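Welcome! Take a moment to look over the structure below, and then we will walk through a few of its parts together.

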Amino acid sequence: MKRVPQIALLPDGKRLHLQDGPIDLVIEAKGSDADVRAAYEAAAGRFTGLLDELCTELAGLRQPADPAHCQLKGVVARRMHAAVAPFAADHFITPMAAVAGSVAEEILGAMLGAARLEHAYVNNGGDIALYLADGEQLTVGLMDRPDRHGLLRAMTIDADDPVRGVATSGRHGRSFSLGIADAVTVLARTASQADAAATIIANAVDLPGHPAVIRCPANELQLDSDLGARLVTRDLGALRENEIEQALRAGAGQAQQLFAAGLIEGATLRLLGETVAVGTTGTETRALPALHRNAIQDTVHV
Amino acid sequence: MTDVSTAAIGDKIRCDACPVMCYIKPGAAGACDRYANHDGELVRVDPHIVLERTVSHGGRLVPFQAGGDWDGKLVHEPSVFVTAIGAGTTYPDYKPAPFIVSSEIDGVDMVTVVTEGIFSYCGVKVKIDTDRYLGPETATVRAQGEAIGHVTTSEYGSQMLSLGGVHHLTGGSKKEGRVTCDALMDLSNCKPVELTIDGGATVVVQAGYPPIVNGVPEERMRVGCGSATIGMFAKQWQGKVDEVVVVDDHITGVLSEHQAGKLLDIPDTGIKMKGRRSTPGRYFQVAEPGTGWGGTKISDPLSVLGPFDPKEARPGLTMLMVSTTGEHAAYYELDEALRPVEKPMPLDLKLSVERIQENCEPAMCTVLFMGGAGGSLRAGVTDNPVRLTRSVKDALTRVTSGGAPVYVWPGGGITFMVDVTQMPAGAFGYVPTPALVAPIEFTLKLSDYAALGGHMDHVRPLASLSDNTETRPMPYIPGRRA
């Protein structure tokens, strides 16, 4: 029999949880009951078999992307490639760098094709695709380091903003990072673009050769990692203030370039308690008390 | 049926739980972080393990189960709750708690911080269902001759003892501390402990069993005070007997004088009670407290009566005397000199005594362990301890002890009470401080745990616990889930 993804409503009865293999989506749509149901059914329908579809081209998706040509067939695979292609000439990057955002976009697209919604998001492990009808807005909560109590900020994105994708990359996530950033959160026009750009910027937050940075070949940790034997960050010792600044400056420089090139709308870079912002980071930023439950519940955890 | 199997290639394995088909090295997880290679065995570390409420007996954690197909509907797997018993502790608690376990309940990432707390500020509250006099309020309670606590208030049908606490554990002699610690641990582990009360009784207390007062096992709680008993049974006595006295250390009831008797037009009998009249038909202090009739020290109930008033009384008048549990009862008729003479009890009165007995609940000892987790223990859970306290108060974090539900006292700190009979056997230990070691678990959402400064880098998946970790079912408490 066929492997079936997990499809369930979360206990709040509002959000849909889809999980299959490494893909883990939390989805919320706002609209009439019938539209929300139609959107969720479309999401579950599109999700079923999506992982198999991707895995038929897994070997190709794990190869460094060709900046000019795409041999991939699947619509999600091609979106992954398109998202990383702008970086492929200057950086090592594989389409896998945009897998989460690309899947989120695909599911959101299926939902919008089936229902008329006020707003919706598909959160794929922190890489989020957004939809906002005219006049709508969504608030995205930023938690800079999930393993520490830290600043929780909320950014409001409204329909007038070009931002429809949010992604976060860093050394604490499930995927490996070549850099040392705790978190780089990127706002971009699409989730797949945000995903790829966050990877590039997080890789750039670095102190090459610094003894406090513990690195390890990626394929020693995950045998079939698309990063091969490239050194990924495993741990980070203490850094001096000027070293933190230096690493953040390197990342911010990269982010500035992408912003100038129109590839991202904004980025927030975080390293050892220091934060640097580039471009716009939402129309409104307000600090939230860390345990202000109601406020946090209404936001999307990034 | 999806058979998730593995092909071992050297020491690495290939997972076929999904089409990604990760090769996984020993000690590592696949791309999903849901499956891992544990000593060459594919284990599910996926946080979809929930409380095993359906098993009737404690089992063992199964490291991996070949998963069935999802039905695409709401998923409710049987779930497993990890208790802190045997978790060990990290006193003085500057280190993260020994186990910080993540699992997922109903789709919400959950964290259970499992630790054994060392409670030097702890004690037990003992409720002994008996009206027998155990000793005066504030009298010292001793075990093996050492003071370990005191008698506190008497509540409905029960005598309360408060044992342990910091003054007996660490404030007295070394022996006092050790004996107190032993008694608390035994009581908490549901073992019998003999207690003697200064100026009172010797009582054997064992959680979940009847108390044994001066060598006699208590059977029943009283049905009510003497006055309440009159009220409950007045109608059943009407026409069958002229007078009823319910002997009670607190309030002795007299049928003909009691409001219930008046309403039923039961005539005066000329009875004269000793003691202090409270309101008509209700008498305080008819005798000294003791372990005899109705919690008094008497063995002859007539000793609470004065002579009958010849203006009202008549020869042949019948009288039932009974205790509040029905354990003691006697039937009398007045002779020519208006003196009560005991006679065999008529059948219908016997039935009324049995009815009193039937309405008494079995007498029981209840032991509530009470401890405060307001101190350094919290630091093993989070690097910002007060946030844990606030999180408990805000009901975001659920506290359990050995998997058993607790009552968290309002106010400062995390002071909780737990019924020791709800906890697994041998849940309590001690350290020579002396102090008790009790299990305590904090369960909260993973995101809440991160927000309160949890030791995220020490969170480990449930399946990574060794499979000799005992599991047990725990009662489901609606509304208490974190």
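How many residues does helix α5 of chain A have, and how far does it reach from its first C-alpha to its last? Helix α5(A), residues 99–114, has 16 residues and reaches 23 Å, close to the 22 Å expected at 1.5 Å a residue. (Helices are DSSP runs of H or I with at least four residues, and strands are runs of E with at least two; the expected span is 1.5 Å times one less than the number of residues.)

This is a predicted model, in which local features need pLDDT of at least 70, side-chain atom pairs count only at pLDDT 80 or more, and totals for chains, interfaces and linings use all residues. Residues are numbered from 1 along each chain as its sequence is written, while chains are lettered from A and ligands numbered from 1 in the order in which they are written.

Because 12 of its 16 residues are buried, α5(A) is largely enclosed by the rest of the structure. (Buried means 20 or more other C-beta atoms, placed from the backbone, within 10 Å of a residue's own.) Ile107(A) is one of those buried residues.

Ile107(A) is also among the members that touch the most others in the largest nonpolar core. (Such a core is a set of buried Ala, Val, Leu, Ile, Met, Phe, Trp, Tyr and Cys residues joined through C-beta atoms within 7 Å.) Helix α6(A) gives the most to this core.

| Item | Residues |
|---|---|
| Largest nonpolar core | 100 residues, including Leu269(A) |
| Another core, apart from it | 56 residues, including Phe119(B) |
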